[in-house]
Amino acid sequence: MTTDDPDRIWSRIEVELRRAVSADMYEIWLAPLRPVALEGHTVVVEAPRELRSWVADRFARVLQQSAVAVLGPDAAVQVRPGEEGPAATRRPARQTPAGAPAKPDDDAIATLNPKYSFEQFVIGDANRFAHAAALSVAELPGQAYNPLFVYGPPGVGKTHLLHSIGNYILASGGGLTVRYTTVETFTNQFVAALSGGSIDRFKGRFRHNDVLLIDDVQFLASKVKTEEEFFHTFNALYEAGSQLVLTSDRLPRDLEALEDRLRERFESGLVTAISPPDLSTRLTVLRKRAHHDGIRVNDDALTLIAERVPTNIRTLEGALIRVVAFASLTGQPVDRALAAEVLDDLYPPGTPAPGTSAPPTIERIQELTAEAFGLTREELLSHNRRPALAWPRQVAMYLAREHTAETLPAIGVRFGGRNHTTVMHACKRTAQRIATDPEAFDAVRRLTDRLSARGADRRG
């Protein structure tokens, strides 16, 4: 690692930041930071203007500690304001000097989250077989199941298993090279390579690995050139005996927009599912998270949280963070009464248990939001930025993030093909507005009631 490369240094600092804060907190506040310079021992990063003050004030200590862990005791991080709006969160592709060899080991260390390990994965009936298959692959890469294809709804642990495989092999694989990526990253780097004339370097980066871990392959749909390149990458690795592990939100045969030859490749190994966790597993996840973070939480409070959030582990941990943050701000103990007070609006007592009623869909959220604001669904999904349309659209994105298990990119696709940073920006703006505007709070509360089992009406 050179000391004059802010991108590479920031990659290492990001690893420390991921260890220090929750995944949700990292994605919302720290992922948008972009390195711009290294001035002595000070790493200069840009934040979107609307985030800069909050990040600089609230995360100064963790940024400092993470920089010290990488650069030594004299290190510091300076946060400068960058562009305004969600476009500011898009990072430019990192530039590598011409002729420099790819370094998959360095990239693997930078992209794998060390908090995701087999030891931290909570095993239950919904994920037992997938966990066993992933562990077998980690112990015998290229020999146990190849490819391994894990499918299930968002937020149930697929990405955790991918990172667990990668971290296990890096620690115990005897020098095997590992690369983790998402289809979104694969696509962006492929497009950049085509436009920049560095396609050979791109191919070398992805095809010269012993293990390739690919997240969210469903997003290959409708990307013809990317799909073609992915097909050849898959074949090159498979024929070389390299291990491939893929995740998706649905079975290979249900990825109808993909070419048959690629779906056949996905089905040629082991296909295994992860389902939403049962109550016992959700409670274990919360207990483990509280213990890991050193949080003292009444067990009755954990039980209430587990009962209110039935489908998504990511949302489950987010609910715990919300309760603990409220307790910290108010000085109250984290007990069942406090948990109920914090969660009543977003996850009311009538929230259905698994199997009793399906959670709201994004389409249902869009319909109800459009109706509440006197719009058509087409107007809601349009790219018109008039305030009368922008605010309802932000509310609908916020509700989709809070009440479905969909990822930010998936929500963006369902809102007229927007990107995940737009969705993240909409969620943040909505959260800020309902915290200060009583009318906005009431509007979101009324929609939440209608989406819940207690208040939902299925008119029309």
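What follows is a short chat about this predicted model.

Biologist: Which strands stand at the edges of the open five-stranded sheet?

Modeller: The order runs E5-E6-E7-E4-E8, with parallel pairing. Two of these have a single partner strand each, so one side of each is left without a neighbour in the sheet. Those edge strands are E5 (178-182) and E8 (270-273).

Biologist: And what is the bridge partner of Val150 in E8?

Modeller: Strand E4 covers residues 148-151 and runs parallel to E8, with four bridges joining them. For Val150, the partner in E8 is Thr272.

Biologist: Which helix lies across E4, E7 and E8?

Modeller: Helix H10 (residues 224-239) lies across E6 and E7, at about 140 degrees to E7. The helix you're asking about spans residues 128-139 and runs at about 140 degrees to E8. That one is H6.

Biologist: Now Arg282: which backbone oxygen does its side chain reach?

Modeller: Arg282 sits in helix H12 (residues 279-292). This arginine is buried yet has no salt bridge: Asp278, the nearest side chain of opposite charge, is 6.1 Å away, and the cut-off is 4 Å. Its side chain does reach a backbone oxygen at 2.9 Å, that of Pro277.

Biologist: Last one: is Gly374 buried or exposed?

Modeller: Gly374 is in the loop between helix H16 (362-372) and helix H17 (377-381). Exposed takes over 50% relative accessible area. Gly374 has 65%, so the call is exposed.

Key
Residues numbered from 1 in each chain as written. Predicted model: local features only at pLDDT ≥ 70, side-chain atom pairs only at ≥ 80, totals over all residues. Heavy atoms only, no water. Helix = DSSP H or I, 4+ residues; strand = E, 2+ residues; numbered from the N terminus. Buried < 20%, exposed > 50% of the residue type's maximum accessible area, 1.4 Å probe, protein only. Lys, Arg positive; Asp, Glu negative; His and termini not counted. Polar contact = N/O pair within 3.5 Å; in protein donor to acceptor, adjacent residues only side chain to side chain. Pairing = 2+ DSSP bridges. Contact = heavy atoms within 4.5 Å. Axes fitted to C-alpha atoms, helices over the stretch in contact; angles between N-to-C directions.
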